[in-house]
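Let's take a quick tour of the pockets in this protein, and then look at a few of its aromatic rings. Have the 3D view open as you read.

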Amino acid sequence: MKQTVYTASPESQQIHVWSLNPEGSLTLVQVVDVPGQVQPMVVSPDKRYLYVGVRPEFRVLAYRIAPDNGALTFAAEAPLPGSPTHISTDHSGRFIFSASYNAGSVGVVRLQEGLPVETVDVVEGLEGCHSANISPDNRTLWVPALKQDRICLFSLSDDGKLVAQTPEDVKTVEGAGPRHMAFHPNHQYAYCVNELNSSVDVWELSNAHEQIECIQTLDMMPADFTDTRWAADIHITPDGRHLYTCDRTSSTITIFSVSEDGSVLAVEGHQPTETQPRGFNVDHSNQYLVAAGQKSHHIALYEIQGKQGLLEEKGRYAVGQGPMWVVINAY
């Protein structure tokens, strides 16, 4: 298995393309100059394209991924209805979802043969909309509205329209600020990192009464932390054994172990990392984590070790200015 790491640096308008070597190092393959401040990125389900959101002219760009080394070639672009804070796709590769914090909306862009074509739906009134996360069954879009302390739930129709479900949302505690999400590989649980109180909620997707329920909330900060909480990102290893979150004020990654069924998290430790880590990701072999320091202008590569999933730094690498997004492709 080959793996490629993509890092987005909006201040220098660049994407760095790295080969992730099996022994735990990165080799620079390409630096792409992007026509705009590049922020969120996602790889298409078929691994053929990298989609990136840019501003101040709100667009999604599609880059074709070379099958031999992961290098990028521009392929197409389409306008977006708002400044892209987060982008994702459905599992079939038919639609891109673009969440916009500033516009308080989520847009749906239709894909044709892997390329973005047109916006087919926009839902507004989602204050602080910070991500859009399709459920494992490709039916429900989870959209955290940070300023409203709720996660809105929409059914995805065959033509890309979003229809509010019943109930239309689930609530977090007041002041939590739900931001990014991850799903357990067994499809039974979702995890949401809350930006404003640096906590993680565990959501059971369907209990005995066919209801969505928050079954656990954990503080992700060290017991002696007293500064402003400012959580950012969350990812789970493909085998579902370890979950990671990051906080920007403390510049730490919190390490969680996950119970076998996915229902229970336990904090295993805190790893100091690059300054102001806004984005990170885990690789497809359950072995490595790559974190980007928005203020250090570097990325750090860690090896995931042992039952606890603790992190050992293997190296750090200079990238562009203000790196804030990391995606990893396997092919």
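Eighteen residues line the second largest pocket, and those nearest its centre are Thr140, Gln165, Leu205, Ser206 and Ile212. A pocket here is an open set of points on a 1 Å grid over the protein atoms alone, where a 1.4 Å probe fits, with protein on both sides within 12 Å along at least five of seven lines; lining residues have an atom within 4 Å of a point. Bear in mind that this is a predicted model, where local features need pLDDT of at least 70 and side-chain atom pairs count only at 80 or more, while totals for chains, interfaces and linings use all residues. Residues are numbered from 1 along each chain as its sequence is written, and side-chain values use heavy atoms, leaving out hydrogens and water.

**Second largest pocket**

**Largest pocket**
- This one has a volume of about 1,300 Å³.
- Of its 40 lining residues, Val42, His91, His235, Asn281 and His284 are the closest to the centre.
- E28 gives the most here, with five residues.

**Aromatic rings**
- There are four aromatic pairs (Phe, Tyr or Trp rings, using the six-membered one for Trp, with centres within 6.5 Å; planes under 30 degrees apart are stacked, over 60 edge-to-face, the rest tilted).
- Tyr49 and Tyr51 are stacked, because their ring centres lie 6.4 Å apart with planes at 15 degrees.

Key. Points joined across faces, edges and corners; volume = space filled by probe spheres on them. Helix = DSSP H or I, 4+ residues; strand = E, 2+ residues; numbered from the N terminus.
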